[in-house]
Structures are given as structure tokens and as C-alpha cells.
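User: Could you take me through this structure? I would like to begin with the ligand surroundings.
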Amino acid sequence: MHRSAYTHVPFCRHRCGYCDFTLVAGRDDLAGRYLTALDQELNRVAPPTPGGRVELDTLFLGGGTPTRLDGPQLDRLFDALFRRYRLAEGAEVTVEANPSDITPDLVGRLADAGVNRVSLGVQSFDAAALTTLERDHAPTDIPRVLETVRRRIDNVSLDLIYAVPGQDLRSWEATLDAALALEPSHLSTYGLTFEKGTAFWSRRRRGELITPPEESERAMYAAAMDRPAAAGFHQYELSSHARPGRECRHNRAYWCGDDFEAFGPGAANLIDGVRRTNHRGVLGWLKRVEAGESSWVEEERLAPEDRARELVMLNLRRTEGVEREDFQQRTGFAIEGLLLGDLEEQESLGFVTRDDAGVRLTREGRFVADGVMAAFL
Amino acid sequence: MDPRFIRNFSIVAHIDHGKSTLADQLLLKTGAITEREFKEQLLDDLDVEKERGITVKARTVALRYKHTDGETYELNLIDTPGHVDFHYEVSRSLAACEGALLLVDAFQGVQAQTVANAYAAIEQDLEIIPVVNKIDLPVTRIDDVLEEVETVLGLDPYGAVRVSAKKGLNIEDCLAAIVERIPAPQGAPDAPLRALVFDSKYDSYKGVFTYVRLKEGTVKKGDTIRFMRGGSDHDVIEIGQFAPLRKECKSLGPGQVGYILTGIKELDQVTIGDTVTHAGRPAAEALPGYQKPKQMVFCGMYPIDGRDFEKLRDEMQKLALNDSSFSYAPETSDALGFGFRCGFLGMLHMEIVQQRLESEQDVDLIQTAPNVTYEIEERSGDVYKIDNPQDVPDAGVIEEFREPIARVNFILSKDHIGPIMQLCADRRGEYKNTEYLGPDRAQLTYELPLAEIVYDMYDKLKSVTSGYGTMDYEVIGFKAADLVKMDIMVKGERVDALATIVHKSNADNRGRQLCKRLKKEISKHQFEIPIQAAIGGRIIARETISAFRKNVTAKCYGGDISRKRKLLQKQKEGKKRMRSFGSVEIPQKAFLSVLSTDED
Ligand SMILES: Nc1nc2c(ncn2[C@@H]2O[C@H](COP(=O)(O)OP(=O)(O)OP(=O)(O)O)[C@@H](O)[C@H]2O)c(=O)[nH]1
Ligand code: SF4
Ligand SMILES: [Mg+2]
């Protein structure tokens, strides 16, 4: 039985140039239909006992921008969720929030509904970078926003993006320092990627956006690891840093290979080794659910070995890497039996280390993690 | 059929002067095809031919033509390719004929292959009918062209026929000239059978089609025939002609052209140039046959998937049956495994064989850079030829390293003589002669190392002369030169398939270029890859492909997992058209980059 659930809230004020998530911009009018459809999709969660509810350790509302919904709409959303789910003792409930949406009223409503973790889309403390990223807040808003959130919810994570066109290492270090100075409980540091179909993709092709050179990106990634560490953070995943005990339990479930449910357009779940993905268009998803059809459009049942290899890819993101016993238990494969030659090769290149506990990326391996993971797939 | 009413002729010309288009018209005017069946360059039926708009293989068609004298004639037409690489097809076709239509473009006039093909026809003592084609063009130089025909080729311009193959103008004149001027074939119908095998083709249902031109005797269905050189006997299960579709007939007599089907499935039993006779009443002597074509360039062809080796062998055998100028022999490479050393008449021929193997036969290939044949004389006095740079012995044992030399004729306008002379000088050419074809055009003759012309001279010529210059070449012998083998090391390991033979004076330059090219073609890896060019043990050039310094995608949450996995898997699969050496993936393109002489 899954103990984690994700809900995708696909509304934004504006689609940022780099974003390829499933969402609609400027279509808040669809929120009502969305909430009705979501309620219907949630019907597939069969409770363990009639009238009972499924117990969750983690619940995550992501987007899009969940805080795009207004107060009553948020209430409806939580109501729909908690008619099927109840929270276990000490459960983690996260909501992604856009800084400019934060108001005392909103925070109060979230906290009252049981939200105990907020992930703020701060992205940068460099005004120029924020403009490039097409975000609607200013760096100077953030201290006040944080204070508002903390009045009710103390577990706050900040999302930061580096390697923004025009940004240099200095600017990124300044962003990291500004973020750390606000003493959040968690930081997520993302290198900007250019996805096919986004405005950034074509602007880069036209030469309007120029990505920083590889060496500079490398230095930024190094800073993203070193600065938080110096401030007492623990890097528990390639781009995640937490104060002790503040790791995001929901995301960890993904990287550990745990089952999870997922709702809303574009969301993908993993139940008993089968991954099913919802229709990726907001309207497509709506229509399917409204017509009483399944919202799933893809089903992936990997062969045991492929599943094991995929788990290697996920586990390696974690600082503890692939843990021998856990891996064998989950997949039925001994890690060395599956990957010995490749492991030795990556080890000789200095990208992984092995010991009794398992296999981990080295610091050098983190810089080139994609290549290392590809070698194991 | 009485040989008096048979005419056998080839259509020859410089590339694109309209041979296939004229063949269309001859088919149409004699009723071999109807207006409705008509399509342009109907005889060019290979995919590569349609795609490139050129003829690659000679094609034979039997036409029935009712002449003004009231008699019906059988005209056996052979449409030939014009590109220099396929000159061998032309000579072979001419050997089956008594005459030739020599087409000359009414604007372009006599070009390099016009000269080469006219001489080939003259050598075989054929009746040549000059045909000025494309008279419909808005700008023509018909009088100049006729003068060139006279002065350059020594042919009588007064008998020239003027046509437009495209518009179908004066095709009747052409047909009349064929009947009236080309001699009828000789040969007694009751003599012992002698038929020249000039082509063959494999058909998976019917077996091997043997294409023959009868010199003497008669062949019928049910006869038992013998291949005189091959030595095997077979029963004839079908005979016929192409008109242009396959059409069965009762018998073939002297002078006729057609096919014989015996149900042979073994590809090695039919050889082009062999003579077919009757098993019961064999001819005393085989026909002269053909000179084996000389392959000009060689390259390695390896299946990308090593398991396809046997399949590739079968496919090469089938292709060789239909293209006797292509040769192949098994070879192995440390780098590429089991494959074949293949010989070709030129670069276009090489490209076409590769394309036919890949598209018609569905095998993915890795191809190494082509090279010419070299001759080595060792200190011990041993002399031998090599067609693979890997076979160059230690420099210490070589007495003389010789390369093939070609005589090259360029035909171009006077303004372009200077730049071409410069190009030839850069490529170690030796000037021979200039001959003026008229007030503005000249034929320039050089002797150049074959290796300096065969890969890209044609392209260079086209760019220097804005497309107007043409060239033709012929290998005349071997000559000693200061040649060395250049090895390429990738990450410290010699990649045998990247070795080349270069002239010493140019070695450093080529080494640098090649390392730069390879740096461009080989993508970044998880580690640094040094690329070195070396002669003997001496490194002459070096480049380094740096390792990935940062290659990590930050996000990977629930919805991204399978996408991410697929993306990484795809990156892995992108390497399909590559071979790995040690741990370095080298793409197909890199092997050919050895060829490039561009500066960048
Ligand atoms: N204007 C004009 N164009 C012609 C005439 N005959 C042929 N062409 C054009 O010339 C081009 C070449 O014609 P082909 O018949 O393919 O020439 P080819 O000599 O068979 O060429 P290869 O077989 O490749 O040597 C085509 O674009 C024809 O349409 C003609 O009488 N007048
Ligand atoms: S706010 Fe976030 S989810 Fe919305 S468009 Fe911008 S980046 Fe995408
Ligand atoms: Mg043609």
C-alpha cells in the first residue's frame, strides 16, 4: 500500500520561459472543473476498510502553482484529499508556493488544513536573473514572505536556480548566501535546463540566450554543494540540502523506490512496480475524467532487471547511494551481480565508491551523474 | 530472326547529356511503351538512380521498328551511364554492339566523357552516329559543337543528327540513321552456339537471370547449355528479351540480345564475360570476354552489428552479380572485427554500393575511409600491391613505395586554366599538354597521383570552374613517391581502421587536420580522450577531447522518472551507429573524416 501521494495543481499566472510542466497559464476559470475532476479521480483510492481512509506519511501539492487557487478552492482540494486519506502521526504535508501569492490568510488556511512544509519558488536573489526567468517577485520580497510563512509553518524550503543566462558564479554565490542568511530548513538547487518546446529552447537556438560555459556551470554546482554544507546543511541528494531532520520525506520516497499515488494532469504514480502516467494536457486530462474514462494514458511495467537498473539510477541520486541489502530486498538482484563490470569501470574513473554498505557517487561523480547513471541503464 | 534485320547499339555520352531521355523517346516512338506508360528516364529503375537522377547501370531493351523500307527491324538498345566511375559499363556495352549513338549536348558541347566514350567506341571499331541533343535549349552552340566533334573526336559532322530528346524532335531521323548506318550483326544461326554473358541479376523467385548477346548459333527453351569458363551445364527453362518488360520468346539467334533462365540459385556459377554454348555441341573456343575492371578505390565495410557478417557476405555476393565491377574480400580489423575489403571504380560507385547494400539489402554498415592501391618493393626484392594501409610493412624493409599515377584530361574554358593549374601543382601534378578545342575552350592534360584526384578532385574542379569544367582520367602506371603510413591513436590505442597513407611533405598538415576532424566527430566522454597522429613512433599531431565536466540534471521527481530513464537510455542508443574502441565510441562519420582535405 502506498504511503505517499502527489497532487498536481496545473495553474499559473504566466508560463515562465523555461518551464515545460503540465499547466495552463491565465486559465484560472478552469479551477472549478479541475477540482470536480480531481475529486472524481480520487475515487480510485480504495480505502482499506469500508468507510476508512488510506494512511499517508507524505502528501505533496505541486504544480504549476497550488497557491494560484483561492481560499475556498484550496479548502475544496484538501477536503477531496482528506475524504480518502488520513495523515499518519508526524506526516509531512508540503505545498509549493509562489512567493508573491503568500498572504497571512493563505498561510493560515494552509496550516489549518495540515500543511507543515512550504517549498517557496524563490529561484534567485539576483534581480536580473529573476527578470530573465520571468518571475513576478523581487529579491527584496523574500525576507518578508518568509516571515509570513514562518508565523504558522516553520519548515520552509527555498528553490534556487543556477546557470541562468547572464548569471556568473559571483551572482550565484550571492544568491546562495542570501538564501542561507534567511536560515531556511531546506534548499533545492537546480541547474537551469533547456527543454524542447519551451520559449527558452527557441531563444537559445536563435542565439538570444547564451548558457554559461561548462566550467562555470561546474563551479556553480560546486558552490551549490559547498556553501550550504558550510552553513550546517547536509546534502542528501544531488540537488537537495537540509538541516538535520529536515530532508523532504516525500521526494525521498521517489529516490528510494517506494510506491506512491499521483493525481492531476501529467502526474505519474508507482504502485506495485507499475507506473501509470496521466494525460499530459490539462484539457485532455479534464475531458477524460469528465467522460468517466481513466486518466491514465501510459502504463509501464518494467521487466525485473530494468526495474532494478532504474532503481540504481534513482538511488544514486541519494547521498547514501545504493544500499546493498535494501536493493537486494526490493529488486531481488545483488548490485554487484547486476552491474559488476560497469561498477568497476565507473569506480576506476573515480565516479563511484563501493564498500560494505553499498555503492555511492563520489563528489566527482556527482558532477557527471547523468553519464554514470546511463552506464548502469 | 534474320540478322540482317537486327541492329545493336549503345547510347553513350557525357553525364547528363540526355542518354536516358533519348532512350525514353526511342521506346515511345517504336511503340515499346504507350504515352500512358511513359515516364521520364524510364530505364533508370534502381532507387539510387531515381534518387540521384543519373544512370548507374547499363540497360538493354529490344525494340521493334518498322522502317520506311517496309521491313521490321529489331533494335537492341543499351542505355549506358555517363559518370566516369561507370566507364567500364560503357566499354562492356559497346562490346555487345555494332554501333553507338554519341550524344552531345547542344550547349555544353564535347566534354571529358564524350571524348573518353567516343574513343572507346572507335577502339572497338563501331559505327558512331553523332547526335546533337537538346536543340530546344534557348541558347545552343550547334555549329561550334559540330566543329568540336570534328576536330576533337575526328568524326564526320555532316552525318550528325540533331534532336531534342525532351521534346521528341527528330527522333525518326535517329531511328532511320540506326537502321541505315549501323551494320547488321554477323553470325550463322546454325553454327555452334556462342553467346556472351554481359550482365546478370539475382531474383529470389526465378534464380539468376543471365543476360546474353548471341554471336553465333541459336538457343531455345529446353536446350542444355554450358558456361564455357565456369564449366557447368544447365537446362534452359525460359528465354526472352526486355522490351522493356520481361517478355518470353521461343528462341534467340545471332545478333540478338536477351536473357536465359536456368533456375540457377548459386551465385558463383555465372560470371560476366563468360560464353554460353550448347553442352551437346560445344563451340571450339570461348569468346574473348571482358577485361576485368580495375578497382580504383578500396575501403573496409563492416557490419555495425557483428552478427550480420554472414548476411553481409550474402548480400555482397548478390550485388556483385549485378555489378561485376565491385569486388570484396573478407578482412579483419582489430578495431572493427570481421568485415570486407571492397574495391570500387570511384567514389560515386562506392557511395552507390553502400546505399544499395543499406537500402536494398537492409544491413547497417561502418565504412572506413577509401584509399587507392599501392605497390611496395621490399629490400629483399619482393614486390606486391596493397589496398589497405594496415598492410604497409615496417619502413625499414621498404625499398620503394609506389603509388598509382593517372593521366587526367580536363576540358574547361580558357579562363579556368590558371586556377586548375594551381590546383594540380598543389597536388603534385605534372603538366603534360594543352590543346585548344575552339577559341574559348581547351583540353588540359596532367599526370597526377590517383590518390590526389580520386576523392575530391571532381568537386574541386566543379567549384573552380563554376560547374563547367569536366574531367576524365585513366591510370597509367605506378611511380615511386615519398609515402608513409600515418597511424591514429585514440586514447593511446592505435585504431587500425583510421590509418592512412600520406605523402611525407604533407604529413604534418594532414595529421593536424585529421586530429582536428576527429575531435569534432567524436563526442565527449566521461574521460579525456587524447587523439594523436603518428608516423613510425613519432607523434606529429595531437588534440584532446575533454571529458564531461558537468553533466547532471538537477530534478528528478515522480513524474520525471521514466522520462529521465528513457532520455539516458536514448543517449546510450545514439551510439548505435558507432563502434567502441576500448571505451571510446567512434561514430561512422569519423572514419570518413580521414578523407577530408578541408582546412577547418
Ligand atoms: N532541354 C532539354 N533537356 C534535356 C533534353 N534531353 C535531356 N534533357 C535533360 O537533361 C537531364 C539529363 O538527362 P538524362 O537523360 O538523365 O541524361 P543521361 O545522359 O542519361 O545522364 P546519365 O545517365 O546520368 O549520364 C534531364 O534533366 C533531362 O530532362 C533535351 O533534349 N532538351
Ligand atoms: S511558476 Fe513554476 S510552474 Fe508556473 S510556469 Fe513558472 S516555472 Fe512553471
Ligand atoms: Mg542516363
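Analyst: The shell around ligand 2 has five nonpolar, five polar and one charged residues by class; Ala, Val, Leu, Ile, Met, Phe, Trp, Tyr, Cys and Pro count as nonpolar, Asp, Glu, Lys and Arg as charged, and the others, Gly among them, as polar. This is a predicted model, in which local features need pLDDT of at least 70 and side-chain atom pairs count only at pLDDT 80 or more, while totals for chains, interfaces and linings use all residues. Residues are numbered from 1 along each chain as its sequence is written, and chains are lettered from A and ligands numbered from 1 in the order in which they are written.

User: Which residues are around ligand 2?

Analyst: Among them are Cys12(A), Arg15(A), Cys16(A), Cys19(A) and Asn98(A). A residue is near a molecule if its C-beta atom, placed from the backbone, lies within 6 Å of it.

User: And how many residues surround ligand 1?

Analyst: Ligand 1 is surrounded by 20 residues, and the closest are Gly18(B), Ser20(B), Ile54(B), Thr55(B) and Gly82(B). They divide into six nonpolar, nine polar and five charged. Helix α1 (residues 19-29) of chain B gives the largest share of this shell, three residues. Helices (H or I, at least four residues) and strands (E, at least two) are DSSP runs, numbered from the N terminus.

User: Changing topic: which residues of α6(A) are buried?

Analyst: Trp172(A), Thr175(A), Leu176(A) and Ala179(A) are the buried ones. Buried means 20 or more other C-beta atoms within 10 Å of the residue's own, exposed 12 or fewer, and partly exposed in between, with C-beta atoms placed from the backbone.

User: What covers the buried residues?

Analyst: The cover includes β6 (117-123), β7 (156-162), β8 (186-191) and α8 (214-230) of chain A.

User: Now Glu400(B): where is its place?

Analyst: Glu400(B) lies in strand β23 of chain B. Glu400(B) counts as partly exposed because it has 15 C-beta neighbours inside 10 Å.

User: What does Glu400(B) touch?

Analyst: Leaving out residues up to four places away in sequence, Glu400(B) touches Glu377(B) and Ala480(B); contact requires C-beta atoms, placed from the backbone, within 7 Å.

How values were computed. Contact = placed C-beta atoms within 7 Å.
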